[in-house]
Amino acid sequence: MAGEQYSGVRESRPGRINDLGTTGKEAENNFKKGCLKIADRSFAQGLQCQQINSMSALMSLEDSVFISHSPQGCVGCSIMAVDMYRVGQAHRGIKNIRNPKIIVTNIDQKSVVFGGEQKLRDSVKKAIERYNPELIFIYASCASGIIGDDIDAISADLQKETNSVIVPIHCEGFKSKICASGFDAAFLAINKHILKYEKLPKEKGLVNLFAPTTISYADQTEMERMLSLIDVKVNYIPFYSSLDKIKTIPQAEASTSICKVFADEFMKTLWEDYEIPYSHTVMPIGIHNTDKWYRGIAKVLGKEKEVEEIIAKEHERIEPLVEKLKARLHGKRVFICGGTGRSFAAAALIDDFGMELVGLETPTYDEDAQVDIEYLNEIHEDFILDIANMQPFEQVNLLKKLKPDAFIGVPQWAAKLGIPTTHVLDGKRPTMGYDGLLFLGNKIADQLENPGFNIKLSQHVKLPYKDSWYEEDAFKYIVGGE
């Protein structure tokens, strides 16, 4: 089944919005009427770019070198992926903790004028000489894209001189304001340069489970436990994966993803190119979403009856414990900020504990988000919806006005306001599946009952905004979209 070739830029799909300030009910109604239009910001406080998502998606692959054809600053944000890689090794029992092998070509002013292709050639040769890896990933950047360095031609030329597989990835940051496009760029490159559209015999019971770097080892084992109960063998990729596991992708009987926006486009590509059916539902955080995720992959595999029996047993096990958590959390007002899949999943999770959603910040709104919003509008009263790629100035404005009891998400800004915070992008602790639900609920309750650190932090840290900003409309700098 061939479809229109996807460009790797998420804005190329109709109906994707990444600048919006509204309420949950208004977003749902306007999307149904086709009234949500692409807007912009007359002022923006930084964006997460797609290059860093392309890098972090593959950062833990075994025997790999990662070459960023960029100025040095472009790899600054990779520290989070490096941290997750190191922590993941420790959790997997590895004693000698390693860093990923990252090389930066260091494009400078001279390179911009005369070109940086020689720097890239030298870096690839150095990677081969120093590490002789199985995989070499070359990441384009804004700078290399603007000056027009041909990373494809260089890769093809140098491929003749080495047994290492060289994979150029077109993740120039300016190509897309939707940072998840970086995941797509990485997977499209893998399909072209590693899988090469070659169909392989299917392996019965093998399922591709796509996972980003922010999934903890505890979450991996929980997902693998759940899938093993329906006799599934998991090909866990690309986090802590290898070239051999990547090459096994076309042999899978089905695919699913832990993160809703991590491999959604790639799973469509696998269906079109290799006829691998897939389940694309939700991120398995909370009872409702874990059930939905579990049922989704079971349906693809024809194991609906088996999974219903397992779900019933899991509910019997965890529901009494959830009731105890509800007694600690009921009625608390929550603001949530996270990636598109994780934020919507966390908003469904808090209903398990009887908590109230007052605000939700997430990078993108599209058809998938509409499905989630329709469900959230059923279980929560009207809440503020901020579609923003970062933009902390909007977030703190909303937090000042809404005064939530708790904040779930990336916590830095909320913590400085003295609000009890719980990190939902936590690659170090469980958050997913039936067991992750209980851990996350207890963590939220503990933060609410012990807010002393954040309170003291707020007394000694001043945010970089004038008091007058908090009186303004949080969405005053969103323009267009009418």
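Buried means under 20% relative accessible area, exposed over 50%, and partly exposed in between (1.4 Å probe, protein chains only). This is a predicted model: local features need pLDDT of at least 70, side-chain atom pairs count only at pLDDT 80 or more, and totals for chains, interfaces and linings use all residues. Residues are numbered from 1 along each chain as its sequence is written, and side-chain values use heavy atoms, with hydrogens and water left out.

**View 1. Helix H14, residues 340-352.** Helices are DSSP runs of H or I, at least four residues, numbered from the N terminus. Of the 13 residues of H14, 12 are buried, so the rest of the structure largely encloses this helix. Among them are Arg342, Phe344, Leu349, Ile350 and Asp352. Glycine 354 follows H14, with a positive phi near 70°.

**View 2. Helix H12, residues 287-301.** The expected span is 1.5 Å times one less than the number of residues. For the 15 residues of H12 that gives 21 Å, and the end C-alpha atoms are 21 Å apart, which agrees. Its buried residues include Ile287, Trp293, Tyr294 and Leu301. Just after H12, glycine 302 has a positive phi of about 70°.

**View 3. Helices H8 (residues 181-195) and H11 (residues 264-274).** Their axes, lines fitted to C-alpha atoms over the stretch in contact, come within 9 Å and cross at roughly 25°. That makes H8 roughly parallel to H11 (angles under 35 degrees). Contact means heavy atoms within 4.5 Å. H8 contributes Asp184, Phe187, Leu188, Asn191 and Leu195. From H11 come Glu265, Phe266, Thr269, Leu270, Asp273 and Tyr274.

Technical notes. Helix = DSSP H or I, 4+ residues; strand = E, 2+ residues; numbered from the N terminus. Axes fitted to C-alpha atoms, helices over the stretch in contact; angles between N-to-C directions. Parallel < 35°, antiparallel > 145°, perpendicular 65-115°, else oblique.
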